[in-house]
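Hi,

Here is the structure I promised to pass on. Have a look at it first, and then read on for what turned up.

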Amino acid sequence: MSSAETEALRAFYVGSRQHLYTYAVSITGNRESAEDAIHGVFEQLLRRGKLPAELRPYVFRCVRNAALDALRRTKVRLDSIFEVTAVLDGRGPPPAFQSDEIERWLQTLSPDEHETIVLKIYSDLTFQQIADLRQVPLPTVASWYRRGLDKLRTLVTTDTP
Amino acid sequence: MNEPERILANQRLAAPSAALDRRMHDTFSAATRTPPSPRRTSHWWWLGALAATGAIVALLLVAPWPRYPRSEQMVYRIEAKGPMRQLLLEPPANANRLPRLVVNGSTP
């Protein structure tokens, strides 16, 4: 890989590290495994001869595969995608709902609904990019997202203090 | 943005650790220092081997070496002996055609 491509990949990592990390943790449920998956993906990409034209969906797909492999190995899902100390550290106003509560809501969704919501809201992917990543039609992705939000809306209404 | 989306978007996310950033920094630095990877080198080896094979095949095709044995004219004389010779030389008057000659045995 040329030094220009290496730099492009580095810039992509710096700009997308949070998105990739949240996505990987949402699949593995384990922060350490998620970090290993991300690191392994970038190591493999650097060994490749050339980067793909569409880097963003490609890297997300690689991270997804690596995270699913890690999940199959560990089978333990304990870690949240949220920062659990958000309420206690005094940074900003306390949220209306605790992160563990929202994590519990997300766990009630189907895996497809959960993954789509994470990708859309936290990884900043469009429906089309998610459809390309999951290799499903765009209406399917939109349907997963809508159904997931409908379920969450019911839970919000029920749990509102 | 509706209510569930707003609630989700307002949550603070767990961030990747400093250890991951260090590992990534080391990996990128090593990649910048490393010359073409072994995979790329082996790619050139394959190309070289392919070119060498092609050259050998082309050489064999245009070489002046005889690929088949030279053809030679061979003449076989078959002589009938005994009663067969008699039949061939003096066929019976009632025979309107020559007896069928069958030769058994391996040919050279």
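The largest nonpolar core has 47 residues, and A:Ala24, A:Ala37, A:Ile38 and A:Val63 are the ones that touch the most other members. Keep in mind that this is a predicted model. Quite a list of elements gives two or more residues to this core: from chain A there are H1, H2, H3, H4, H5, H6 (127-134) and H7, and from chain B there is helix H2 (18-33). H1(A) gives the most, with 8 residues. As for domains, the core draws at least three residues from domain 1 (1-79) of chain A and at least three from domain 2 (84-161) of that chain.

Which residues is it in contact with, once you leave aside its neighbours within four places in sequence? They are A:Ala34, A:Ala37, A:Ile38, A:Val63 and A:Ala67.

A:Ala24 also turns up where H1(A) meets H3(A). The axes of H1(A) and H3(A), which covers residues 55-74, come within 10 Å and cross at roughly 35°. That crossing is right-handed. On the H1(A) side the contact is made by A:Phe12, A:Leu20, A:Tyr23, A:Ala24, A:Ile27 and A:Thr28.

Now for the two chains together. In the contact between them, 35 residues of chain A meet 25 residues of chain B. On the chain A side, at least two residues each come from H1 (3-28), H2 (31-47), H4 (99-108), H5 (111-122) and H7 (138-159). H1(A) gives the most here, with 9 residues. Sorted by class, the side of chain A that touches chain B has 19 nonpolar, 8 polar and 8 charged residues.

B:Met1 sits in the segment before helix H1 (3-9) of chain B. Is B:Met1 buried or exposed? It counts as exposed because it has 9 other C-beta atoms within 10 Å, and the cut-off for exposed is 12 or fewer. Leaving aside neighbours within four places in sequence, B:Met1 is in contact with B:Arg6 and B:Ala9.

Technical notes. Residues numbered from 1 in each chain as written. Chains lettered and ligands numbered in written order. Predicted model: local features only at pLDDT ≥ 70, side-chain atom pairs only at ≥ 80, totals over all residues. Contact = placed C-beta atoms within 7 Å. Helix = DSSP H or I, 4+ residues; strand = E, 2+ residues; numbered from the N terminus. Nonpolar A, V, L, I, M, F, W, Y, C, P; charged D, E, K, R; others polar. Axes fitted to C-alpha atoms, helices over the stretch in contact; angles between N-to-C directions. Left-handed = near helix turned anticlockwise from the far one by under 90°. Core = buried A, V, L, I, M, F, W, Y, C linked by C-beta atoms within 7 Å. Buried ≥ 20, exposed ≤ 12 C-beta atoms within 10 Å, placed from the backbone. Domains from an automatic or database assignment.
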